[in-house]
Amino acid sequence: MSGKPVSNLPPLPAREGGTTSPPLATEDPTPAPAAQAQAGRIGPGEGSTPVTMHMIGNAHIDPVWLWQWPEGFHEVLSTFRSALDRMIEYPDFCFSASSAAFYEWVEQVDPAMFEEIRARVAEGRWEIVGGWWVEPDCNVPGGESFVRQALYGQRYFRQKFGVTARVGFNADSFGHHGMLPQILAKSGLAAYVFLRPGPHEKGLPGRLFWWESDDGSRVLAFRIPFEYCTWGQDLENHLRRCAGEIKEPLTHFMSFYGVGNHGGGPTRDNIESIRRLNGAPDLPRLTFSTTTAFFEAVAGEGWPLPVVHDDLQHHASGCYSAHSAVKHWNRRAENALLRAPASLNYSINKPRPVTRLRGHNHATRPAPACAILASSVRSKVVRGVWVRCYMERENVYHEKTDSASGSVWSGARNIRLRQQRQFYRRPRRGNH
Ligand SMILES: [Zn+2]
């Protein structure tokens, strides 16, 4: 059992035939009970093609949720340290992590650990996924925010690691608007991984499908079975449930594991249980792997996959009406930040207004800032900590809106000054 090195995902060709492609078996609208999965032969591999289960080690990290950002910051540091330690202990172990913001935190405070990560990325065992600045809410932010997520995220990864992510990754976003395939594909992200909405919230023709937006752009999308993280030490039950989701003609599948939400990542017990279960006669072949390796494998199979041309909705729709002020501040900040570069561009007559805006500090990056903040829009519950986060968000939103509004104001002033100068420099005709 060995982790397949992450190589460049070859371009995933759009299948001819569109919606006429014969669909895979319809996904069961309700999760298969563990007992049911255990009862029968798992997957399509019996007596024919062996099935490979790609084990995706990850540690879903909410940088802000029931805690404020300093705690999220420490989550990232401790989780990444743990993943690096597991790589030393288990030479075949692989780990996948998104969010350029997290990597930048490590770079700023622990350069030695950052170099370790760079070495593991080069080795192919640490997979950079997502390609965005953070994993944001995928409904509320405007289009410019999503584009800039990829612009800054992929640029950072290319500068620091010499690679860009090939797999979009928003494991816990509460729905995904239908224009994302276009934004993903044009950002170099050929595939996409998500969890919500679940099968009980939106029926899909399969866990693996082409997701298409209105312009015809497609990404190969995979809905994570059951959970992106695991809480038990032994993964047998989780693995059997995931294996029960494999339908014809798939011979590759993914199972996500590792302690998550507040970080953590794969534990020694998790890894040991995968090693122990590999080779079990009623389970697929298990391999420590990456999402990129999985999509490379399925792209090479040439299966006719169904096409989904739709939003991926709805999950927890109540979150989009709760704490409406946060959404209001986000949109105000986005609008102000969109106006600011245009105003500066016109007033200083130079094509570099964004650079000037970025010059202040991390917090004043234009649209990623909106998207970063939008990552906390999912207001699941109201508790003391969340209220503090809420107030903190308000301050940051106002800071960004004020900063952008100030830029718009100074831009307008410069335009006025330039008009005045042009007026007084104009040759005048004498009266005599
Ligand atoms: Zn989350």
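What follows is a walk through a predicted model, taking a helix pair, an open sheet and a group of paired strands in turn.

Two packed helices are described by the angle between their axes and the distance between the axes. In this model, the axes of helix H2, residues 69-89, and helix H4, residues 111-123, come within 11 Å and cross at roughly 50 degrees. On the H2 side the contact is made by Phe-80, Arg-81, Leu-84 and Met-87, which meet Met-113, Glu-116, Ile-117 and Arg-120 in H4. Sorted by class, the residues in this contact are 5 nonpolar and 3 charged, with no polar ones.

The next stop is a sheet. Here 3 strands form an open sheet with parallel pairing, in the order E8-E1-E9. Strand E8 (252-257) and strand E9 (285-288) are the edge strands, each of them pairing on one side only. Ignoring direction, neighbouring strands of the sheet are turned by 30 degrees against each other on average.

With strand E5, residues 191-194, E7 pairs in the parallel sense over 4 bridges, and Phe-194 stands opposite Arg-223 in E7. With strand E6, residues 208-212, E7 pairs in the antiparallel sense over 5 bridges, and here Phe-209 has Ala-221 in E7 as its bridge partner. The hairpin of E6 and E7 has 5 residues between the strands, and in this hairpin Gly-216 takes a positive phi near 95 degrees.

How many of the residues of E7 are buried? The strand is mostly covered, with 6 of its 6 residues buried. In a regular strand the side chains alternate between the two faces of the sheet. In E7, Arg-218, Leu-220 and Phe-222 point one way, whereas Val-219, Ala-221 and Arg-223 point the other way, and all of them are buried.

Conventions:
Residues are numbered from 1 along each chain as its sequence is written. This is a predicted model: local features need pLDDT of at least 70, side-chain atom pairs count only at pLDDT 80 or more; totals for chains, interfaces and linings use all residues. Axes are lines fitted to C-alpha atoms, for helices over the stretch in contact, and angles run from 0 to 180 degrees between N-to-C directions. Helices (H or I, at least four residues) and strands (E, at least two) are DSSP runs, numbered from the N terminus. Two residues are in contact if their C-beta atoms, placed from the backbone, lie within 7 Å. Ala, Val, Leu, Ile, Met, Phe, Trp, Tyr, Cys and Pro count as nonpolar, Asp, Glu, Lys and Arg as charged, and the others, Gly among them, as polar. Two strands pair if DSSP finds at least two bridges between them. A residue is buried if 20 or more other C-beta atoms lie within 10 Å of its own, exposed if 12 or fewer, and partly exposed in between; C-beta atoms are placed from the backbone.
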